[in-house]
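Visitor: I have a structure open here and some questions about its parts. Can you go through it with me?
Guide: Go ahead and show it.

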Amino acid sequence: MKRTAVALSALVLLLPLAACGGDAEAGAGSTVTVTVGYQSRTINTVTAGTLLRSLGSFEKQLNALDDGVRYEVDWQDYATGAPITAQMTAGKIDIGSMGDFPLLINAARGKQLNNPTRLVSVTGYNLRGGLNTIVAAPGSKLDSLADLKGRKVSTSVGSAADGTLVRALQRAGIDPDRGIEKLNQQPSVGASALAAGSADALSQFVAWPGLLAFQGKAKAIYDGARLDLPTFHGVTARQDFATERPAVLEAFLKAQAEATDYLHAHPVAAAEKVAKATGLPAEVVYLYNGAHGIATFDPALRPPLVAALKKDVAILKSAKLTGDVDVDSFVDDRYLKKALGPAAYAEHLATKPAPAASEVWPEGASETLTFPSPAALLRHLAGHREGIRAAYVPDATTGTLWFADKAVWVADGAELLPFVAPDTARAYVAAHSGARVVSYTDALERAS
């Protein structure tokens with residue numbers, strides 16, 4: 001998030017406030033507009049944004065309220081969470097979705113500007129941090145964190161991807177402030193800088209790393225899941241809106257749950273819907289949002305995610321983007337519990353992420369094929385060189401899903417093991433005598 005967002009949020013307060021869902025005076029026969037801020041291309045928020053919008057679930061839930069009020073939904077699409085926060089604190093957005101680090105800034109700005117917000121649900125999460133990845137140009141000699149010392153690295157300051165970069169560098173013994181030249185850029189700008197050579201590496205959140213890798217414009221050099229720290233996106237609502245119109249917020253959360261159920265029941269169709277709405281390749285959407293994708297979708301506010309949010313505060317404070325944030329008062333699961341029901345909410349909390357699995361998406365298929373191991377997937381690919389839309393394999397160490405032809409492969413006896421990044425593969429080889437890195441072509445031949 002750019003530092004200018006702070007100034008923007010203050011300036012917006014000077015503008016006239018538009019009518020929104022917080023209008024407590026609206027009665028029978030009136031029209032209320034509920035404004036939802038979302039990030040269409042940040043695809044692990046789709047159950048509260050892109051997919052939810054395409055399904056029309058929120059509008060259906062609002063119509064079902066039957067309270068004499070006519071509701072309209074104003075969907076506002078943004079590239080990052082910063083402008084959503086600015087508009088929320090100005091009273092112009094009622095409900096918004098964004099990543100964990102922007103959520104904390106949202107909480108801090110809301111309190112600072114006397115328009116507090118509350119975290120009411122989660123969209124997509126990864127318990128190890130695999131939603132953030134550091135990539136370099138495909139022909140670059142950079143293939144580890146150590147290689148970033150003294151280099152130009154693009155990221156969005158204040159984002160979860162920036163948090164991954166800072167933590168990863170610290171673990172590698174590199175000062176994140178002085179050891180690299182950090183370029184504070186929007187994801188699309190950073191992608192262009194990487195392509196032009198004005199940035200040596202890019203640390204970004206879903207779906208940029210997967211998109212660039214799929215397009216052959218980048219290679220992964222660090223899998224965020226190596227940190228083994230949860231990362232997630234969530235839904236935040238203005239406290240005054242939630243207090244004045246709790247039934248509307250509960251309708252949104254019910255609709256989010258419906259969108260989540262749809263994604264689980266129809267992962268390929270959901271990926272196609274999101275691809276159509278965003279212009280992203282469906283193969284990239286499925287990498288993150290598929291049946292065994294990098295993101296797990298569940299609205300429950302899980303304790304590990306809340307605990308991770310508390311740890312994130314220190315990173316933002318060190319960057320002077322926030323002061324202390326009272327996470328416990330920011331997190332409010334009352335509305336979700338009521339929307340789902342206490343028993344169902346408890347079931348959500350107890351549900352575990354789907355286990356990692358290897359998948360092939362055949363051309364023209366409405367379902368993927370699942371294989372018991374990466375080697376089994378390779379055997380299938382070796383016998384089906386044509387007609388394959390995409391193939392996915394989980395990192396042997398972190399479980400992060402990646403494209404089979406973009407993975408780093410290791411042969412360990414009869415085993416063929418995939419890794420997202422070279423340093424993870426080298427760490428495995430160093431710990432297993434006789435194991436060695438092989439090319440994707442060699443891995444296919446060994447499997448056939």
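Visitor: Is W75 buried or exposed?
Guide: This is a predicted model, and in it W75 has 10% relative accessibility. Buried means under 20%, so W75 counts as buried.

Visitor: And what about F58, buried or exposed?
Guide: F58 is at 0% relative accessibility, so F58 counts as buried too.

Visitor: How many aromatic pairs are there?
Guide: The count comes to 9 aromatic pairs. F58 and W75 form a pair that is edge-to-face, because their planes are at 85 degrees, with the ring centres 6.5 Å apart. An angle over 60 degrees is what counts as edge-to-face.

Visitor: Where do those two sit in the chain?
Guide: F58 is in helix α3 (residues 57-63) and W75 is in strand β2 (residues 70-77). They are 17 residues apart, and the pair links distant parts of the chain.

Visitor: What about F214 and F403, how are their rings arranged?
Guide: That aromatic pair is tilted, with 40 degrees between the planes and 5.3 Å centre to centre. F214 belongs to helix α8 (residues 208-214) and F403 to strand β15 (residues 401-403), so the pair ties together parts 189 residues apart in sequence.

Visitor: Is F403 buried or exposed?
Guide: F403 is buried, with a relative accessible area of 2%. F214 is at 29% relative accessibility, so F214 counts as partly exposed.

Visitor: Which aromatic cluster are they in?
Guide: F214 and F403 form one aromatic cluster with Y286, W361, Y392 and W402. The ring of W361 also has the charged end of R389 over it, 4.2 Å from the ring centre.

Visitor: New topic. Which residues of helix α19 are buried?
Guide: In α19 (residues 440-447), the buried residues are A443, L444 and A447. They are on the same side of α19, because they cover an arc of only 100 degrees around the axis.

Visitor: Why would residues a few places apart point the same way?
Guide: An α-helix has 3.6 residues a turn, so residues three or four places apart point the same way.

Visitor: What's on the other side of α19?
Guide: T441 and E445, which are exposed there. The buried residues of α19 are covered by elements including α17 (374-383), β16 (408-412), β17 (415-419) and β18 (436-438).

Visitor: Last one. At what angle do α10 and α11 cross?
Guide: The axes of α10 (residues 246-265) and α11 (residues 267-278) cross at roughly 115 degrees and come within 5 Å. Y262, L263, H264 and A265 in α10 meet P267, A269, A270 and K273 in α11. The residues of this contact are 6 nonpolar, 1 polar and 1 charged.

Note on methods:
Residues numbered from 1 in each chain as written. Predicted model: local features only at pLDDT ≥ 70, side-chain atom pairs only at ≥ 80, totals over all residues. Heavy atoms only, no water. Buried < 20%, exposed > 50% of the residue type's maximum accessible area, 1.4 Å probe, protein only. Helix = DSSP H or I, 4+ residues; strand = E, 2+ residues; numbered from the N terminus. Arc of directions from axis to C-beta. Contact = heavy atoms within 4.5 Å. Phe/Tyr/Trp six-rings, centres within 6.5 Å; stacked < 30°, edge-to-face > 60°. Lys NZ or Arg CZ within 6 Å of the ring centre and 35° of its normal. Axes fitted to C-alpha atoms, helices over the stretch in contact; angles between N-to-C directions. Nonpolar A, V, L, I, M, F, W, Y, C, P; charged D, E, K, R; others polar.
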